[in-house]
Each structure stands twice: as C-alpha cells, then as structure tokens.
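Visitor: I am new to this structure and would like to know what the terms used for it rest on. Please take me through them one at a time.

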Amino acid sequence: MNYFAILIALVVILIVVVVVRAIRVVPQSRALVIERLGKFQSVMYAGLHVLIPFIDRVAARVDLREQVTSFPPQPVITADNVVVSIDSVIYYQVNDPMSATYEIADYIQAIEQLTVTTLRNVIGSLDLEQTLTSRDQINGQLRGVLDEATGKWGIRVNRVELKAIDPPPTIQQAMEQQLRAERDKRAAILQSEGVRQSQILRAEGEKQSAILQAEGMAQAEVTQAEGKAKAIATVFEAIHSGGPTSDLLAYEYLQMLPQLAQGESSKLWVIPTELTAALQSIAGGFSALAPGDEPQDQARP
C-alpha cells in the first residue's frame with residue numbers, strides 16, 4: 001500500500017514536471033529560440049506556447065527591446081599623432097533572434113570590437129581639431145559601418161554617440177592657453193574699437209558745436225548789422241524830417257569833439273573838412289548879432 005502511494009506521488013510529480021516543461025509563457029518584447037533534438041525548430045514570441053517535453057528545449061532568450069551599451073574609453077591616434085581617449089555609446093535592437101543566436105557567439109563583444117576598429121579608422125584620417133568639432137560626422141560614419149556589419153547578425157544599430165573625447169593633459173593646457181589668448185585678443189580689439197568710436201563721436205560733436213557757434217556768431221553779426229542799419233536809417237529819416245540847418249549841424253560837430261578826445265588810444269585827431277565850414281557858419285551867426293540886438297526870428301511878432 002505504501003509502494004502504491006509512492007508510485008502515485010511519483011506519477012503526479014512527473015505529470016507536473018511535464019506540464020511545466022511543456023507550457024511556456026513568453027512576455028511582451030521577448031522571444032524564445034526553440035531547438036528540437038539539438039536542431040533549430042522555431043522562435044516563440046509573446047504569448048502562450050506548448051513544447052514537447054524532453055524533446056524541445058529553449059536554446060536562448062532574446063530581448064527585443066532597444067538596448068544601450070556603453071564601452072570603456074579607447075585610445076585612438078589622430079592624423080597629427082595625438083592620442084585621444086574616446087567613450088562611445090551604442091543604441092541597438094535585435095530584429096532576428098535566430099541570427100543573433102546562431103550567427104554570432106557574443107554580439108555585444110563583437111559590436112564593441114567593431115566600434116573600436118571603426119573609430120580608429122575614422123579618427124586616423126582626422127586631425128585633433130577636426131576630431132573635436134566633427135562629432136556628427138564621426139557618429140554617422142560609425143553608425144553606417146556598424147549597421148552594415150551587424151545586419152547579418154539580426155541586429156540593427158539605431159544610434160552611435162561619442163560621450164567624451166579627451167586629449168592629453170598637455171594638449172588641454174595648450175588649448176586653454178590658446179583660447180585665453182583669443183579671448184584677450186578679442187577683448188583688446190573691442191576695447192580699441194570702443195575708444196576709436198568714442199574719439200570719432202567726440203570729434204563729430206566738437207565739429208558740430210564749432211559749426212553751430214560759427215553760424216550763431218554770423219547770425220548775430222548779421223542781426224546786429226541790420227539793427228545798426230535800421231537805426232541809422234531811422235536817425236537819417238528823423239534828421240531830414242526835422243529840417244536841420246547848418247548851424248545845428250555845426251553845433252552837433254562841436255558836441256562830438258569831447259567824445260573823440262576821451263579815447264585812451266587817441267593820439268591823432270582827424271577833423272573833417274565840414275567842421276571848418278560849420279565853424280565859419282557859427283562865427284558868422286554870432287558876428288551878425290550886435291550887442292543888445294535880437295535875432296530876426298525873435299524880433300518878429
């Protein structure tokens with residue numbers, strides 16, 4: 001009776017093991033490579049699948065999602081014999097699980113070695129400055145070479161990125177000194193340009209000020225001359241409208257003589273010829289009046 005119970009237990013355990021080995025549930029974005037008696041049978045994708053126990057087996061489990069692999073820094077020599085250290089990142093995806101399983105033993109290591117050799121070929125044709133400024137070009141060339149080589153492995157390379165390009169410390173110091181010198185040069189140029197512009201603006205301002213002052217002085221002189229001309233014309237018209245006599249003009253000449261003598265720099269007097277005639281007219285007027293006589297104008301009623 002005990003042997004019968006043990007046999008039943010063994011049968012139940014065998015059935016459970018068979019069921020467990022026969023039923024496979026494949027998650028989403030995963031794939032199972034199935035072999036039957038050591039030979040490739042099929043690829044099982046997401047869903048429920050049934051295997052033949054002890055005949056079919058899972059040869060490989062493949063992740064179909066896009067994956068990212070970062071490779072350690074690699075020393076690469078440029079065209080001008082400068083050793084630079086380059087870190088690279090590969091974005092790839094498995095399209096054919098069977099080829100990724102049977103065409104290559106370790107596709108991660110294969111991609112890494114292919115990346116290193118391609119980097120050396122690409123960087124070897126560029127100098128240091130081109131290497132530092134041509135990342136997009138290098139990424140494009142790497143992606144093209146890797147995608148072509150990994151196509152037969154059932155792998156598609158989506159992107160290749162260079163994380164860092166590190167030249168030797170001595171080259172970095174020289175580049176920093178060069179950049180500092182360039183910045184100092186640009187600063188000196190900008191400062192000299194600013195001084196030059198300031199001087200030009202100052203000279204333009206002084207020129208405009210001188211022009212405006214000259215125009216103002218000229219306008220003032222013109223206005224002053226016009227005023228004097230109008231004053232002379234007014235005096236002339238007033239004199240002529242008043243009907244002056246020769247005696248009055250002679251008297252005005254005599255009134256002006258003291259003013260001519262007041263000048264500190266007056267060393268020589270210029271007496272007009274009309275002054276002699278005026279004096280004679282005045283003398284004649286006084287001599288015509290006898291003592292006690294009155295002028296004719298006052299004797300008239």
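Guide: Helices (H or I, at least four residues) and strands (E, at least two) are DSSP runs, numbered from the N terminus. The chain has nine helices and eight strands. This is a predicted model, in which local features need pLDDT of at least 70 and side-chain atom pairs count only at pLDDT 80 or more, while totals for chains, interfaces and linings use all residues. Residues are numbered from 1 along each chain as its sequence is written, and side-chain values use heavy atoms, with hydrogens and water left out.

Visitor: Where is Thr69 found, and why does Thr69 count as buried?

Guide: Thr69 is found in strand β6, residues 67-77. Buried means under 20% relative accessible area, exposed over 50%, and partly exposed in between (1.4 Å probe, protein chains only). Thr69 has 16% relative accessibility, so Thr69 counts as buried. Of the 301 residues of the chain, 23% count as buried.

Visitor: Which residues is Thr69 in contact with, leaving aside neighbours within four places in sequence?

Guide: Contact means heavy atoms within 4.5 Å. With those neighbours left aside, Thr69 is in contact with Ser88, Val89, Ile90, Tyr92 and Ile108.

Visitor: Why are α3 and α5 called oblique to each other?

Guide: Helix α3 (residues 107-123) and helix α5 (residues 135-150) pack at an angle of about 140 degrees, with their axes 10 Å apart. Axes are lines fitted to C-alpha atoms, for helices over the stretch in contact, and angles run from 0 to 180 degrees between N-to-C directions. Angles under 35 degrees count as roughly parallel, over 145 as roughly antiparallel, 65 to 115 as roughly perpendicular and the rest as oblique. The angle of about 140 degrees falls in the rest, so α3 and α5 are oblique to each other.

Visitor: What is the make-up of the contact of α3 with α5 by class?

Guide: Residues of α3, including Ile111, Leu114 and Thr118, meet residues of α5, including Ile138, Leu142 and Val145. By class, this contact has ten nonpolar, four polar and no charged residues. Ala, Val, Leu, Ile, Met, Phe, Trp, Tyr, Cys and Pro count as nonpolar, Asp, Glu, Lys and Arg as charged, and the others, Gly among them, as polar.

Visitor: What makes Thr118 buried?

Guide: The relative accessible area of Thr118 is 5%, so Thr118 is buried. Not counting residues up to four places away in sequence, Thr118 touches Leu142 and Val145.

Visitor: How many aromatic pairs are there, and why is the pair of Phe40 and Tyr102 called edge-to-face?

Guide: Rings of Phe, Tyr and Trp (its six-membered ring) pair if their centres lie within 6.5 Å; planes under 30 degrees apart count as stacked, over 60 as edge-to-face and the rest as tilted. The count comes to two aromatic pairs. The ring centres of Phe40 and Tyr102 are 5.8 Å apart and their planes are at 75 degrees, so this pair is edge-to-face. Phe40 lies in strand β3 (residues 39-44) and Tyr102 in helix α2 (residues 97-102), so the pair ties together parts 62 residues apart in sequence. Tyr92 and Tyr107 also form an edge-to-face pair, with 6.1 Å centre to centre and 75 degrees between the planes.

Visitor: Are Tyr92 and Phe40 buried or partly exposed?

Guide: Tyr92, with a relative accessible area of 2%, is buried. Phe40, with 30%, is partly exposed.

Visitor: What makes Leu37 exposed?

Guide: Leu37 has a relative accessible area of 71%, so Leu37 is exposed. Leu37 is found in the loop between β2 (30-36) and β3.
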